[in-house]
Amino acid sequence: MILCAGESLIDMVPEDGAFRPLAGGSVYNTAIALGRLGEDVAYLWPISRDPFGDVLLRPLSEAGVNTDLCPRTDRLTTLALVTLIGGEARYSFYDEGSAGRMLTPQDIPALPSSIEALFAGGISLVPDPCGAAIESLIARDGDRLPVMLDPNIRPFFIADPASYRARLSRLIARADIVKLSGDDLEWMYPDMAPADAARQVLAEGPRLVLQTGGAEGARAHWAGEMIQVPAIRTTVADTIGAGDTFNAGVLASLRRQGVLSKAGLASINGAQIVAALTLGAQAAAITVSRPGANPPWSHEMPG
């Protein structure tokens, strides 16, 4: 199984003068997308016993995601209150002492032998103790398992930029694949062009650095020539969950091609990278064509 370790939360979305609770979180979305694509996937993150915990568990179960590694806790679920200002979403997080926030390195279980790759990222990397917990997982198991990292940087959530930059640097050095949006690269290297910044990240140790740009498609920086795959043209409902679904498509393709391993990624070729980027783009295109983070099921994907 691919293990997705990182945040799940409830987005409180404005609707008719009230708020509608929707399950969300970038790593959570990627786990569900992998499950819907028919991949064997497990999820690791504390799930509260409050009513919102059931809201989070239901889509995981429906997508066939294994939740055996998810500790249950009486701490409350993280809430992200969404407000729209001029059409732009702003977030207020209710996270102090929450189920996910209080995950500690000591809570990270030994991984079963069925785990063959790790995926981590999102806001779960930022605060402690949960950020230290995810970092400890990668430090412990990242030497034997391939690691994909998507920081999905949200500057408003980062109280100590210097500390977070240091953590990101440590994580990137251990990762095999790093996916970064244009916004991520701008935050990390504000004085560099995005392509130059992506190459700088590649120099820190990963085998692949994937650079996404929405309608501009996706690029892969690696040991060979830079590879670019165009975005799939579609009518966009919204972009919620697009990057998370792209990640799932990439991981699914790499595993189907037999290269989701340390050795496989060390010897990957251009055609294999193109196939991975293409599946990621196809899956993301379906997600953006409908409202919310609603990744495609395998029967909805191109044949």
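Predicted model: local features only at pLDDT ≥ 70, side-chain atom pairs only at ≥ 80, totals over all residues.
1. The expected span of a helix is 1.5 Å times one less than its number of residues. The 15 residues of α7 should span 21 Å, and its end C-alpha atoms are 21 Å apart, which agrees.

2. Helix α3 takes the same check. Its twelve residues, 130–141, should span 16 Å at 1.5 Å a residue. The end C-alpha atoms lie 17 Å apart, which agrees. Its buried residues are Cys130, Gly131, Ala133, Ile134, Glu135, Leu137, Ile138 and Asp141.

3. Proline 129 sits in the loop between β9 and α3. The peptide bond from aspartate 128 to proline 129 is cis, with omega near 10°.

4. Back to α7, residues 242–256. This helix is mostly covered, with 13 of its 15 residues buried. Glycine 258 follows α7 and has a positive phi, near 80°.

5. How do α7 and α9 pack? Two packed helices are described by the angle between their axes and the distance between the axes. Here the angle is about 145° and the axes are 7 Å apart, with α9 covering residues 270–288. The crossing is right-handed. On the α7 side, the contact uses Ala242, Thr245, Phe246, Gly249, Val250, Ala252, Ser253, Leu254 and Arg256. On the α9 side it uses Ala275, Ala276, Leu277, Leu279, Gly280, Ala281, Ala283, Ala284, Thr287 and Val288. By class, the residues of this contact divide into 13 nonpolar, five polar and one charged.

6. The largest nonpolar core has 93 residues. Its residues with the most contacts inside the core are Tyr43, Met188, Val201, Leu208, Leu210, Leu254 and Leu277. The largest share of this core, seven residues, comes from α9. In soluble globular proteins, nonpolar side chains tend to be buried together.

7. Beyond its neighbours within four places in sequence, leucine 210 contacts Met148, Ile177, Val178, Lys179, Leu180, Arg219, Ala220, Phe246, Val250 and Leu277. Phe246 and Val250 also belong to the α7 side of the α7 and α9 contact, and Leu277 to the α9 side.

8. Is tryptophan 222 buried or exposed? Its relative accessible area is 18%; the cut-off for buried is under 20%, so tryptophan 222 is buried. Tryptophan 222 is placed in the loop between β13 (218–221) and β14 (227–229). Leaving out residues up to four places away in sequence, tryptophan 222 touches Leu202, Arg207, Leu208, Ile227, Ile268, Asn269, Gly270 and Ile273. Tryptophan 222 and asparagine 269 are 47 residues apart in sequence and 9.5 Å apart in space, C-alpha to C-alpha.

9. Threonine 77 lies in the loop between β6 (72–73) and β7 (79–85). At 7% relative accessibility, threonine 77 counts as buried. Its contacts, not counting residues up to four places away in sequence, are Leu9, Ile10, Ser48, Asp50, Phe52, Gly53, Leu56, Tyr94 and Ser98. Asparagine 269 is 192 residues from threonine 77 along the chain, and their C-alpha atoms are separated by 42 Å.

10. Aspartate 16 has a phi of about 55°, and asparagine 152 has one of about 45°. Aspartate 16 is in the loop between β2 (9–15) and β3 (18–24). Asparagine 152 is in the loop between β10 and α4. Aspartate 16 counts as exposed, at 79% relative accessibility. Asparagine 152 is buried, with a relative accessible area of 17%.

11. Arginine 199 belongs to helix α6, residues 194–202. At 42% relative accessibility, arginine 199 counts as partly exposed. Glutamine 211 is twelve residues from arginine 199 along the chain, and their C-alpha atoms are separated by 9.9 Å.

Conventions. Residues numbered from 1 in each chain as written. Heavy atoms only, no water. Helix = DSSP H or I, 4+ residues; strand = E, 2+ residues; numbered from the N terminus. Buried < 20%, exposed > 50% of the residue type's maximum accessible area, 1.4 Å probe, protein only. Axes fitted to C-alpha atoms, helices over the stretch in contact; angles between N-to-C directions. Left-handed = near helix turned anticlockwise from the far one by under 90°. Contact = heavy atoms within 4.5 Å. Nonpolar A, V, L, I, M, F, W, Y, C, P; charged D, E, K, R; others polar. Core = buried A, V, L, I, M, F, W, Y, C linked by side-chain atoms within 4.5 Å.
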